[in-house]
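This briefing is meant to be read with the sequence and the structure side by side. Please look through both before going on to the points below.

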Amino acid sequence: MDTSAQIIFQTKKWITDVVVGCNFCPFASRVIKQNNVHYQVEPEISQTVCLESFLRECFRLDNDERIETTLVIYPNAFKSFEEYLDLVDIAEKLLIKKGYEGVYQVAGFHPLYRFAGSTDDDAANYTNRSVYPMLHLLRENSIDKALKKYSEPEKIPDRNINFARKKGLLYMKMLRDACL
């Protein structure tokens, strides 16, 4: 298995075992089952190249309606969470600059993800702690449709945090780490 295939395999396992398995995103299961997720591995470390890769995925979504969502995976870059947060901020600004505001939305996942105000050892961080740094590019209209079908979507983050804390740090870490 080549490196990109292995990274995609590990990412899919994380999505299946953690995101879907813990029901952190109640909308993910359908998209995974329908095979409507595109996985793009960007091996470069340059922020400029990584953002160009992100923008290419916007173009891919523009041209392929079958793709519901894209994960741009950065296995070699953005090792520090602070550096990664800068990437997310720039990616969001890039969406606005390129006329994608209201079309696409960015969600972030990182191996060292930490919610503002939390500590590193808070199990709740594992709701967004992925196996690699990545940007999740979602279609806004798909989000809107999914939210209409879900009762009280604003409670999802609190439910996820409570679930992770109830399971505990060791469990959440073990679950994520088993995907590598």
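Ala 178 counts as partly exposed because its relative accessibility is 47%, where buried means under 20% relative accessible area, exposed over 50%, and partly exposed in between (1.4 Å probe, protein chains only). This is a predicted model, in which local features need pLDDT of at least 70 and side-chain atom pairs count only at pLDDT 80 or more, while totals for chains, interfaces and linings use all residues. Residues are numbered from 1 along each chain as its sequence is written, and side-chain values use heavy atoms, with hydrogens and water left out.

- Ala 178 is placed in the segment after helix 7 (169-177), where helices (H or I, at least four residues) and strands (E, at least two) are DSSP runs numbered from the N terminus.
- Between the C-alpha atoms of Ala 178 and Lys 97, which are 81 residues apart along the chain, the separation is 39 Å.
- Pro 43 sits in the loop between strand 1 and helix 3, and with a relative accessible area of 42% Pro 43 is partly exposed.
- From C-alpha to C-alpha, Pro 43 and Trp 14 are 19 Å apart in space, and in sequence they are 29 residues apart.

- An open sheet is formed by 4 strands in the order 1-2-4-3, with mixed pairing, and two strands are said to pair if DSSP finds at least two bridges between them.
- Strand 1 (37-41) and strand 3 (104-109) stand at the edges with a single partner strand each, so one side of each has no neighbour in the sheet.
- From one strand to the next, the twist averages 20°.
- Strand 1 and strand 2 (residues 69-73) run parallel and are joined by 5 bridges, and the bridge partner of Val 41 in strand 2 is Ile 73.
- In general, strands of a sheet pair through backbone hydrogen bonds, either parallel or antiparallel.

**Helices across the sheet**

- Helix 1 (residues 3-20) lies across strand 1, strand 2, strand 3 and strand 4 (134-139), and helix 1 runs at about 135° to strand 1; axes are lines fitted to C-alpha atoms, for helices over the stretch in contact, and angles run from 0 to 180 degrees between N-to-C directions.
- Helix 5 (residues 140-148) lies across strand 3 and strand 4, running at about 70° to strand 4.

**Helix 3 and helix 4**

- The axes of helix 3 (residues 47-63) and helix 4 (residues 81-97) come within 11 Å and cross at roughly 45°.
- This makes helix 3 oblique to helix 4, since angles under 35 degrees count as roughly parallel, over 145 as roughly antiparallel, 65 to 115 as roughly perpendicular and the rest as oblique.
- The contact (heavy atoms within 4.5 Å) is made by Gln 47, Leu 51, Phe 54, Leu 55 and Cys 58 of helix 3 together with Leu 87, Ile 90, Ala 91, Leu 94 and Leu 95 of helix 4.

**Positive phi values**

- Most residues other than glycine have a negative phi.
- Asn 23, although not a glycine, has a positive phi of about 55°; Asn 23 is found in the loop between helix 1 and helix 2 (28-33) and is partly exposed at 35% relative accessibility.
- Glu 152, a residue other than glycine, also has a positive phi, near 55°; Glu 152 is found in the loop between helix 5 and helix 6 (156-167) and is partly exposed, with a relative accessible area of 40%.
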